[in-house]
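Here is a short note for a colleague who has not seen this structure before. Please look at the model first, then read the points in order.

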Amino acid sequence: MAYNVNIRFSSKELNPIERIQMKDVSNAISLDSVVTPDEPLLIKPVAYAILDVHNDKSDTGDYTKYVIEADDGQRYTTGSESFFDSFEAIHEELTDAGLTYTLIVFKKESQNYKGKYFLTCTVK
């Protein structure tokens, strides 16, 4: 088993086609590669999933990927824990209230590491 992906959690019920689509991050947009400190990204999330990935060719072997599905069907992915912690809290609170929202994804300078940025988000 060189490469395997399992869905640990999905915020919505997925049919078999949607499960395959959610696990296939090859056509998802990497948030880390499109968001810069000067260029945030706006997304209207409708669902998300947490993927457990096993990849023999990766330095770590096993890792977590987060996938966000936008209202236009585009999927975005990241491995950023700081981003996902912020996103999950926002998504749960607003969807529990029955609200749709626009997420601002941006890179913020680290207070601990000079010149380094981390991915995070807030509500527009």
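1. **Basis.** This is a predicted model, in which local features need pLDDT of at least 70, side-chain atom pairs count only at pLDDT 80 or more, and totals for chains, interfaces and linings use all residues. Residues are numbered from 1 along each chain as its sequence is written, and side-chain values use heavy atoms, with hydrogens and water left out.

2. **Main core.** A nonpolar core is a set of buried Ala, Val, Leu, Ile, Met, Phe, Trp, Tyr and Cys residues joined through side-chain atoms within 4.5 Å. Buried means under 20% relative accessible area, exposed over 50%, and partly exposed in between (1.4 Å probe, protein chains only). The largest such core has 19 residues. Leu 31, Ile 43, Phe 83, Phe 87, Leu 103 and Val 105 have the most contacts inside it. Two or more residues each come from β4 (45–55), β5 (62–70), α3 (81–96), β7 (103–109) and β8 (117–123). Helices (H or I, at least four residues) and strands (E, at least two) are DSSP runs, numbered from the N terminus. The most comes from α3, with five residues.

3. Another core, of eight residues, lies apart from the largest one. Val 5, Ile 7, Ala 49 and Val 67 are among its members.

4. **Sheet.** Three strands make an open sheet, ordered β3-β7-β8, with antiparallel pairing. Two strands pair if DSSP finds at least two bridges between them. The edge strands, β3 (41–43) and β8, each pair on one side only. Seven bridges join β7 to β8. Val 105 has Cys 121 in β8 as its bridge partner.

5. **Aromatic pairs.** Rings of Phe, Tyr and Trp (its six-membered ring) pair if their centres lie within 6.5 Å; planes under 30 degrees apart count as stacked, over 60 as edge-to-face and the rest as tilted. There are six aromatic pairs by this rule. Phe 9 and Tyr 48 form a tilted one, with 5.5 Å centre to centre and 40° between the planes. Phe 9 lies in β1 (residues 3–10) and Tyr 48 in β4, so this pair ties together parts 39 residues apart in sequence. Phe 9 is partly exposed, at 36% relative accessibility. Tyr 48 is buried, at 1%.

6. Phe 9, Tyr 48, Tyr 66, Phe 83, Phe 84 and Phe 87 form one aromatic cluster.
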